[in-house]
Amino acid sequence: MRVKILGCSGGIGKGLRTSALLVDSDVLIDAGTGVGDLQLDELRQIRHVFITHSHLDHIVSLPMLIDNIFDQLLREQLTIYGNAETLAALREHIFNDVIWPDFATLPTADAPVLRFVEISPGDEIAIGNRSIRAVDVSHAVPTLGFCVANGEKVFAFSGDTATNRTLWPVLNSYQRLDALIIEVSFPDRLAELAEKAGHYTPSTVAADLEKLDHEPEIWVTAMKPGEEDSIFAELQQVLPNRAFNILQSGTVLEL
Ligand SMILES: [Zn+2]
């Protein structure tokens, strides 16, 4: 299983892209600005999109992705997976024939180029040899994290979340966890803002990592632009015995 990080920043700026992970060539997790770096033939291979939540930095490339590969999707439909709230928001606010066409009815309502599939925490979707499980996390809007297993290895992506009791028991239920991509959006001095917005800081993620039985490679994502050095230094201070890796657009995890 090959996981290519297309975007992993909490914002934009030169070299920064928002959340998007390509699993092999056909599964996309989140559709942030990082999707725009793919070649057209790579975009054409995407068949399944898992959306963690409705916030703009996680969905912004979805409308143009579908428009770009419309011809391809006439032959093979695109499936968008998300929780009920995320799918309702996409239908009402994005694919509403005002902001963007309602592709769930194009070219016809009977044979559209995309379909929405509602998933809930605990649901597991099998695609080829990969199994993708939705996990409840705690953010400003209802949000899912995802655990992806291919029979050999397992990685998890937290999505946007603050401290929670739901992700960690699920991670511990797997026999192994090879990589954990976890958000740490704000440094500790912005703890109040982080709590209001539903994000981790180094101290809150350190407390939650105590609940993890596994020793995965830990990859930090969603850091706010300009705060990367502070967050990384604080992580090393609060958890000196854990090794943290900072994700970048273009990082590839071979699992
Ligand atoms: Zn968010």
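This is a predicted model: local features need pLDDT of at least 70, side-chain atom pairs count only at pLDDT 80 or more; totals for chains, interfaces and linings use all residues.
Helix α5 spans residues 84-94. Its buried residues are T86, L87, A89, L90 and I94. Viewed down the axis of α5, these residues fall within an arc of 160°, so they line one face of the helix. That face packs against two helices, α2 (56-59) and α3 (62-68). It also packs against two strands, β5 (78-82) and β6 (114-118).

Helix α8 covers residues 202-209. Here the buried residues are P202, V205, A206, D208 and L209. Their directions from the axis of α8 lie within an arc of 165°, so these residues too line one face of their helix. The partners of the buried residues of α8 include the helices α6 (167-173) and α9 (228-238). Strands β11 (179-183), β12 (217-221) and β13 (244-246) also pack against them.

The largest pocket holds about 190 Å³ of space. Its lining is made up of 14 residues. Closest to the pocket centre are L16, E228, I246, L247 and Q248. By class, the lining has 7 nonpolar residues, 5 polar residues and 2 charged residues. E228 and I246 also fall within elements already described: α9 covers 228-238 and β13 covers 244-246, and both pack against the buried residues of α8.

Several loop residues were then considered. T251 sits in the loop between β13 and β14 (252-254). The relative accessibility of T251 is 16%, under the 20% limit, so T251 counts as buried. Beyond its neighbours within four places in sequence, T251 is in contact with V3, K4, I5 and W219. T251 and L6 are 245 residues apart along the chain, yet their C-alpha atoms are separated by 7.8 Å.

N150 occupies the loop between β9 (144-149) and β10 (154-157). N150 is buried as well, with a relative accessible area of 12%. Residues up to four places away in sequence aside, N150 touches M1, N129, R130 and L255. The C-alpha atoms of N150 and E210 are 26 Å apart, and these two residues are 60 residues apart in sequence.

E76 is placed in the loop between α4 (70-75) and β5. E76 is partly exposed, at 44% relative accessible area. The C-alpha atoms of E76 and L114 are separated by 9.0 Å. Along the chain, these two residues are 38 residues apart.

The loop between α5 and β6 contains P107. The peptide bond from L106 to P107 is cis, with omega near 0°. The loop between α5 and β6 also holds D97. Although not a glycine, D97 has a positive phi of about 65°. D97 is exposed, with 58% relative accessibility.

A positive phi also occurs at D30, again a residue other than glycine. The value for D30 is near 70°. D30 lies in the loop between β3 (27-29) and α1 (40-43). Are the side chains at these two positions buried or exposed? D30 is buried, with a relative accessible area of 0%, whereas D97 is exposed at 58%.

C8 is in no disulfide, and the nearest cysteine sulfur to that of C8 belongs to C147, 19 Å away. C147 is likewise in no disulfide, its nearest cysteine sulfur being that of C8. A disulfide requires two cysteine sulfur atoms within 2.5 Å, so a separation of 19 Å rules out this pair.

Key. Residues are numbered from 1 along each chain as its sequence is written. Side-chain values use heavy atoms; hydrogens and water are left out. Buried means under 20% relative accessible area, exposed over 50%, partly exposed in between (1.4 Å probe, protein chains only). Helices (H or I, at least four residues) and strands (E, at least two) are DSSP runs, numbered from the N terminus. The arc is that of the directions from the helix axis to the C-beta atoms. Contact means heavy atoms within 4.5 Å. On a 1 Å grid over the protein atoms alone, a cavity is a set of points where a 1.4 Å probe fits but cannot get out, and a pocket is an open set with protein on both sides within 12 Å along at least five of seven lines; lining residues have an atom within 4 Å of a point. Grid points are joined across faces, edges and corners, and a volume is the space filled by probe spheres set on the points. Ala, Val, Leu, Ile, Met, Phe, Trp, Tyr, Cys and Pro count as nonpolar, Asp, Glu, Lys and Arg as charged, and the others, Gly among them, as polar.
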